[in-house]
Every structure is written in structure tokens, then in C-alpha cells.
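Here's a quick tour of a protein model with a ligand in it. Have a look at the sequence and the structure first, then read on.

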Amino acid sequence: MLLIGQYDSPFVRRVAIAMRLHGMAFDHAPWSTFGDAQKIAAYNPLIRVPTLVFDDGVALMDSGAILEVLDEMAGPGRALIAASGPDRREALRLIALASGAADKAVSLLYERALRPEAFDTWVERCHAQVSGALAALEVARAARGTPWLFGDAMGHADIILATMLRFIREALPGVFDLDAWPAIAAHAAACEALPVFQEIAQPYRLVKPGEG
Ligand SMILES: N[C@@H](CCC(=O)N[C@@H](CS)C(=O)NCC(=O)O)C(=O)O
């Protein structure tokens, strides 16, 4: 399999970390969505990452869809999310909050970085949406006394929570007061201390359209 995208993306990183936890081998093409747009377009007309090219040549996009297929490939009982019941619903809720916060952080970043002048109404909306999701995740994490969100084993909710927070910290420095949410900050720090998170990481760097 070929994973396309840079590890400064919270979405690419969550896929790579899950693949490593699953023990799945893959090649990595660290292409930039703007700098390497044509290369990515050859696999994914949306020109977005992550894009995962399977061994039969089919390219799948969107981290949630990719992880669903990878969990299935990992085999029964090996998915990084509960198979059913309340834990599955809660994990999906937390994943949606964390990946939604990452989506809105990306929107905020593009608004600030790509436009000559950011549109204040949109900036304020994205800021409020990210802050709201972080506050909800803080409540959820603080309510759980287990090492990871769903017990002793790390899962997709843990991973996206950490990759999203690192992305916000590095790509939008000073924009959010991350000290306001200590439980999720501690959770992310515990993740980032693990070898798999340290190996699959890349300092954030924005490549604008037309730049290499
Ligand atoms: N919901 C998507 C979000 C992916 C996403 O926003 N990727 C960004 C990089 S962090 C991207 O491809 N940006 C370029 C674009 O959207 O045009 C996922 O989970 O994979």
C-alpha cells in the first residue's frame, strides 16, 4: 500500500499511526497538497490527503473511510474501535468531534494564510467551532479514568485527539489557549511520548499554491 500525504496533517498522521499499530507495511509518499498537487491528482481527483493506494491500485480518500477498511483488513477483534454498542457510539462521537475540530482548524488556517485578508465572520465561526469541540472533548476525557479513552488499549479516538491537538498547536500557534483544556493536553502528551507518535511526525510547514 502507498500512503500519500505529509505527517504534519492530523489526518495523514492518524492513518499512518493506525497502520503501524495494526502492523501493516506501507510505502509513504510525503507529497504536499499544494506543492505536489499534480502528483496527488493522478490518484485522487479531490487533491486531498490522506490518500491510500491499495495493492490492487484503487485509491481511497478520507481518513475515516480509510481506517474503516484497514480495521476490516486487520481481522476480527483487531479494529481500533469497539465493534458495537455504547462504546462504539461514544468513540464515533469523540472521533467526529476531534476530526471536526481538525477540519475547522484547517479551514481557519487556509482562511488566514491563503487570502490576502481573512474574512472575520468566518474566522470567528471557525474559532468558536474548534473551541466548542475542544471543550466537549475535555469533558469527555476528564470523565474517563482509564489510561486511554476506552480502557487499556489505544484506539482511533485517542489517536485523532492527539494528532488534532498537535496540528492546532503547530499550525495555529497562539490562536487557541490550549492550557484551558488540561485533560486533553495531558492525553495528547501521553500519546506524543510514545515511539510510534515520535516516528510518525513532521513539524508543520505551510506550502502555499505555487510553492514547492
Ligand atoms: N475529512 C478529511 C480531511 C482531509 C484534509 O482536510 N486534508 C487536508 C490536509 S490536512 C487537505 O487535503 N487539504 C487540501 C484541500 O482540502 O484542498 C479526512 O479525514 O481525511
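## Salt bridges

Searching the whole structure turns up seven salt bridges, meaning a side-chain nitrogen of Lys or Arg within 4 Å of a carboxyl oxygen of Asp or Glu. One of them pairs Arg13 with Glu192, with the closest N and O atoms 2.7 Å apart. Arg13 belongs to helix α1 (residues 10–22) and Glu192 to helix α7 (residues 182–192), so this pair ties together parts that are 179 residues apart in sequence. Helices here are DSSP runs (H or I, at least four residues), strands likewise (E, at least two), numbered from the N terminus.

## About the model

This is a predicted model, where local features need pLDDT of at least 70 and side-chain atom pairs count only at pLDDT 80 or more, while totals for chains, interfaces and linings use all residues. Residues are numbered from 1 along each chain as its sequence is written, and side-chain values use heavy atoms, leaving out hydrogens and water.

## Around the ligand

Which residues surround the ligand? They are Ser9, Phe11, Thr33, Arg48, Val49, Pro50, Asp62, Ser63, Asp103 and Tyr110, where a residue is near if one of its heavy atoms lies within 4 Å.

Now for the polar contacts (pairs of N or O atoms within 3.5 Å). Ser63 puts a side-chain N or O atom 2.6 Å from an oxygen atom of the ligand. Val49 uses a polar backbone atom, 2.8 Å from a ligand nitrogen, and Arg48 has a polar side-chain atom 2.9 Å from a ligand oxygen. The protein covers 84% of the 510 Å² of accessible area that the ligand has on its own (Shrake-Rupley method, 1.4 Å probe).

## The loop between α2 and β3

Val49 and Pro50 are joined by a cis peptide bond, with omega about 5°. Pro50 is in the loop between α2 (37–41) and β3 (51–53). Ile47 also has its place in the loop between α2 and β3, and its phi is positive, about 55°, although Ile47 is not a glycine.

Conventions. A polar contact is a pair of N or O atoms within 3.5 Å; within protein, one must be able to donate a hydrogen and the other to accept it, and residues adjacent in sequence count only if both atoms are side-chain atoms.
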